[in-house]
Amino acid sequence: MTTLERPSVADDTGPAPRPGGIGASVPRKEDDRLLRGDGRFTDDVEPARVLHMAVARCPYPHARIVRVDATAARALDGVKHVLTGPDVRAATEPLTVLRPVPGAPQLPYYALAQDVATHEGQPVVSVVATSRHVAEDALELLDIEYEPLPHVVDVLAALEPGAPVLHPSVLDSNLMAANSDGSGDPEARMREAALVVEDQFRINRVTALPMETRAVVAEWRPGARELTVHASTQVPHLIRKQLAASLRLQESDVRAVASDVGGGFGLKLGVFPEDVLACLHAMALRRPVKWVEDRAEHFRASTHARESVHDFRIAADADGRIMAMTDVYATDMGGWNSPFGSAQLSSVVMNGPYRVEHGYAERRVTLTNKTPIGAYRGYGQPEVNFAYELLMDRLARRLDLDPVELRAMNMVKAADLPWKNPTGAVYDSGDYEKCLRMAAEAIGWDAHRAAGRTPRADGRLMGIGFSSFVERTGYASARFLARRGSQFGAHESVTLRANRSGGLDLYTGVSTMGQSSETAFAQVISDVFGIDYDAVRVHAGDTGASPLNTGAFASRTMIAAAGALKAASEELAEKTLRLAAWRLESDAALLEITGSVVRRRDDETVQVSLAEVFTSAITGQGIPPGEEPGMESTSHFEPSDAAYSFGTAAALVSVDPGTGEFTVERFVLVHDAGTVVNQKIVDGQVRGALAQGFGAALTEELRYDPDTGQLVNGSMVDYFVPTAADLPPIELLHTSVPSPVTTFGLRGVGEAGTIPPGAAVANGICDALADFGVELNTLPITAESIWRALSRRAVQDDHEGTLAPTPGDLPDGGTGY
Amino acid sequence: MTGLAPDVQREELVETTTTVNGEPITVAVPPRLHVADFLRQHLGLTGTHVGCEQGACGMCTVVVDGEAVKSCLMFAVQLDGRNVQTVESLAEDDQLNPLQQAFKDEHALQCGFCSPGFLMTATALANQGGCPSREEIREEIAGVLCRCTGYENIVTAIERWFAESPQRAVDDDATGLTTPTGPSTTGRRR
């Protein structure tokens, strides 16, 4: 078969995957260097005569900077350069935002605080010296006078009248913007409904906590007007644009390089103040400047995530059929608008996998005197899933229905897809109920339900909880992004170039941060082109050596890049076959590319090596008349729409009804990622995201003291990410429904696992303690929170008058998400 | 702390003699330099990573005299007279050693920033002798954090490495102390 006629969609019943191709589990391209200590993370870049930066940070949540005296710091032996707020204001433009909040004003935010700092950890002065030790010694010599200002750290309190306003020059309150979307008449359905379940759900503030902190190395050659910036980033081409804008340079003056990135998870999306500062110092000194964030800085000056308060309602008829859903939620922004701002997907997938015709979501983006909120794996989806899935179980209990049957009855049916949800998301394809049924069977739901609630020998009660979800992967389109002011596209771009050794070099702006894109990209090329997987080399993350792309985020890399990879591979395969046909004096239609050669399908002895064909193209010697020399293609691809992954998780928990202590005994996830390029990698992504989901659900919470506004647990010893000994046994099951909107039928896979752990575990606990009337509404779930819920079980929850008003009572909710 | 720059801040230096990956080294180091920075910045051994400088994340784990040590909690001057083994020593004849190969085969790494910490922790674990159970492995490696993998494949890789190393399973006396420069106790080669 020729490479051009390969069937593109692999599924369970299809042919076995080609070795190294789509569907094969191959050794990862990334592994050898990383296992041998030969990775090249940003801190590993050490130019000659490099200097080191340290940053003085505001110790208060909100303070006016009255005076900065750096005289003594400047005088310290080894100190080379000091920047203060006025220096930065004179030399730069404010930091730009990549994913603005629709309808919100731009906040004037410079790399160093101007007059007022709005969160603990905000940079105030930066110092460059011959070593980090000396630079930090110099920080001790700075004389900075602060005037502490009234602060607010609670997201709801920040919206109260009289709360201190963080950015009074552009806003009258801390509400940056309200964004609403919806369809139908949910208010009318609420009035007609047999039952409305509702609650206020508090989602904890957590952080992505990549093992590699942020880092930057900047070098400036004034004569060449070339700023080379090595950075730990998910988006080299986007930080190139942002740096140029802030530094008043042309984009062509900036080269951004991200080689190995030690985890991103959304945190490393865009330019941070320290990136600009390192560049400014390097440009002033004409010497390379390095800054590697320490972990104390990371907890206060990178970004946090998730914190939000959801007032969620579900209206249903007496049979449990959902009539309407509404979610009015305040989402924390922290002290300023980070490049990817607050999460937007709680609104997009507010109804999860359920068919809801009357729905309304309103997001109230709220400023508080805390570390800024940024993107984090899931980006609003775990938060809203916790709310609607807990209410689904409550609905089942109120109506005495089986929660599995209630979910099945309300899910969007496979035959009804594609389907547009109330907030405009178009669910592409899938079989949501199948995942639910598989999860119920795997966890032993029927036997559990039949057995009733008798305590185990140790006195613990057993419960099973479910969480069904959809996950948006990728973006609907560049048009969708344009309507929201986003500063990037929905496409990916690759350059594929042959070399004289007979291999293919792939150049991509997608940096390598653990998502295995080098491997997966090579698999697609191998599959489409027919070349050996080992003969494909991926060069990633250098804006000086890759086409201008979008970047690695939003579970979008593969679904967008696959199309570009396929197009580039097909173009080069066609040319390779034409050139080989000329050399073999054959018809191109009779030839195939396989491994390292082009050969006749009917006579394998007639063949020519790829090295020979590529060399002829590269030299232009021995190619047919009319052919252009060269063997290179740059291709771009934008999927026709976002692809929605989906699944159901089931958690078996045991709970001590006396103490609230609980254990997740088993956890099953049934998940659909469409066509799978590499099952091992997909499972790894799912497991890793589940671990982060369990952390956010059970152990992680960044706490601020309301009186002082200080982060009280901002260190690795006080903030508990799961260790190898902390995670429950996890069982993964899959379905594979190809998506119609992406090349090969892929769906994104990076974020799904973060979504269901909180809801599944909470529902399991509520199931176990159903006889006690325990309901949960807060993350993280702790023994203490369960014990408290047990203690107040006699008190009937009544939120009348305390939740946000229903949609009909609302003023115009502002522009959509 | 790039000690080579001509204008580097002068600090009182302390002469230290140590062995790193089998190579004897005598070097003058600042007293406040920790081992991770010493390995990375003075010896160019950048496979040892720094994650928290608080002894909590385990990124910087190396093997000192056969035992796993968080090198951000130890000063370089404390290396005097001791043997240090870093991730760079593991590969044999330009090939991954069996432990590294098990990590690769089992997809036990994603971004790879934590991998040296786990590899060196497992290497030291082997020096304790015996063949730990899966649960024991989980507890033993809990001092190293990974934010990518969810750990399952790391545990599997280490478990498999132990299972496939017959001499380790029977050699309970193996301490590694006599062979600090290479994983001679790491069983069969590929």
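Okay, let's start with A:Asn385, whose side chain makes a polar contact with the side chain of A:Ser467 at 2.8 Å. By polar contact I mean a pair of N or O atoms within 3.5 Å; within protein, one has to be able to donate a hydrogen and the other to accept it, and residues adjacent in sequence count only if both atoms are side-chain atoms. Before I go on: this is a predicted model, so local features need pLDDT of at least 70 and side-chain atom pairs count only at pLDDT 80 or more, while totals for chains, interfaces and linings use all residues. Residues are numbered from 1 along each chain as its sequence is written, chains are lettered from A and ligands numbered from 1 in the order in which they are written, and side-chain values use heavy atoms, with hydrogens and water left out.

Back to our asparagine. A:Asn385 belongs to helix 10 of chain A, residues 381-399. Helices here are DSSP runs of H or I with at least four residues, strands are runs of E with at least two, and both are numbered from the N terminus. Is A:Asn385 buried or exposed? Its relative accessible area is 0%, so A:Asn385 is buried. The cut-offs are under 20% relative accessible area for buried, over 50% for exposed, and partly exposed in between, using a 1.4 Å probe and protein chains only. Not counting residues up to four places away in sequence, A:Asn385 touches several residues, including A:Ser468, A:Phe469, A:Ile755 and A:Pro756. Touching, or contact, means heavy atoms within 4.5 Å.

Staying in chain A, have a look at helix 20, residues 783-791. Its buried residues are A:Ile786, A:Ala789 and A:Leu790. If you look down the axis of helix 20, those buried residues fall within an arc of 100 degrees, so they line one face of the helix. That arc is taken from the directions from the helix axis to the C-beta atoms. And what do the buried residues of helix 20 pack against? They pack against strand 26 (643-655), strand 27 (662-672) and helix 19 (757-768) of chain A.

Now, salt bridges. One of these is a side-chain nitrogen of Lys or Arg within 4 Å of a carboxyl oxygen of Asp or Glu, and the structure holds 74 of them over all chains. Take A:Glu192 and A:Arg189, with their closest N and O atoms 2.8 Å apart. The two sit three residues apart in helix 5 of chain A (residues 186-192), so about one helical turn separates them. A:Glu192 is partly exposed, at 48% relative accessibility. Another pair is A:Glu357 with A:Arg355, again a salt bridge, at 2.8 Å from N to O. A:Glu357 is partly exposed at 37%, and A:Arg355 is partly exposed at 31%. There's also a network of salt bridges in chain A, with A:Arg57, A:Arg132, A:Glu136 and A:Arg214 among its members.

On to chain B. Chain B has six helices and five strands, and along the sequence the pattern goes β-β-α-β-β-β-α-α-α-α-α. Of its 190 residues, 60% are buried. B:Thr48 counts as buried, at 2% relative accessibility. B:Thr48 and B:Gly117 are 69 residues apart along the chain, yet their C-alpha atoms are separated by 7.5 Å.

Last stop: where the two chains meet. The contact takes 50 residues from chain B and 59 residues from chain A. About 4,700 Å² is buried between the chains, and carbon and sulfur atoms give 56% of that. Buried area is the accessible area (1.4 Å probe) that two parts lose on being put together, summed over both.

How many salt bridges are there between chain B and chain A? The count is six. One of them joins the side chains of B:Arg40 and A:Asp44, at 2.7 Å from N to O. On the side of chain B that touches chain A, helix 2 (98-105), helix 3 (115-127) and helix 4 (134-140) each supply at least two residues. Helix 2 of chain B gives the most, with four residues.

One more salt bridge to finish: B:Arg147 and A:Glu700 meet at 2.7 Å, N to O, and both of those residues are buried.
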